[in-house]
Amino acid sequence: MGNVQRRALPKESLPLREDIPLLGRWIARVFQKYWRVARGLNLSVEACVIDEAGRTLMVQNESGSTWELPVGLVHNSENLETALRRVLREVAGIEVNGQPDLSFFYARGKNEQTGVYLVRHWRRVTALTTREVRFFPIQSLPPDTGAQTAERIRRSVEDRMAPEV
């Protein structure tokens, strides 16, 4: 009774399921749409603020290890410009006067797109935050500034497109 022999069916007698690849593609599309909604795409803004001497505003990151441009996420109810104004007020105590220039977008990680704005017309409105905020000449940025950040600053100021920064 323990030795039951099973007979293999010839290949020709197995039922063909031609719809399996189509079903697989359909399931893949459904999951793609689900993940796009579930994971989403983060949108953020980054500001290249220039003062009257031609220097750019930089803030120390939260750990204090490097200098970066002011950056923040766009909230659900905001457009890019509104988010830029909020981020600059919160991070650097700066109010944007007039219309800032959207320089370009770049991918900041797998699921995040960042719009880089050039801001030349602004005024200081509040005391500085807990993070250190300073203006630096574009030609002599702090040594711990990332190469990509320095390139984004140069491209913004020179009004060039940034295909890969």
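**Close-up views: aromatic pairs and a nonpolar patch**

Phe 135 has a relative accessible area of 15%, so this residue counts as buried (under 20%; exposed is over 50% and partly exposed lies in between, with a 1.4 Å probe and protein chains only). The model is predicted, so to speak of local features a pLDDT of at least 70 is needed, side-chain atom pairs count only at pLDDT 80 or more, and totals for chains, interfaces and linings use all residues. Residues are numbered from 1 along each chain as its sequence is written, and side-chain values use heavy atoms, leaving out hydrogens and water.

View 1. Searching the whole structure gives two aromatic pairs (ring centres within 6.5 Å, using the six-membered ring of Trp; planes under 30 degrees apart are stacked, over 60 edge-to-face, the rest tilted). Trp 67 sits in strand β3 (residues 67-68) and Phe 136 in strand β9 (residues 133-137), 69 residues apart (strands are DSSP E runs of at least two residues, numbered from the N terminus). Both partners are buried: Trp 67 at 6% relative accessibility, Phe 136 at 11%.

**View 2. Trp 122 and Phe 135 are stacked.** Their planes are at 15 degrees and their ring centres 5.4 Å apart.

**View 3. Leu 43, Leu 102 and Phe 105 make a nonpolar surface patch.** It covers about 230 Å² (patch residues have over 30% relative accessible area and no salt bridge; nonpolar side chains are joined within 5 Å, like charges within 9 Å; areas are Shrake-Rupley with a 1.4 Å probe; a salt bridge puts a Lys or Arg side-chain nitrogen within 4 Å of an Asp or Glu carboxyl oxygen). Leu 102, in strand β6 (residues 101-107), is partly exposed at 39%.

Key: Helices (H or I, at least four residues) and strands (E, at least two) are DSSP runs, numbered from the N terminus.
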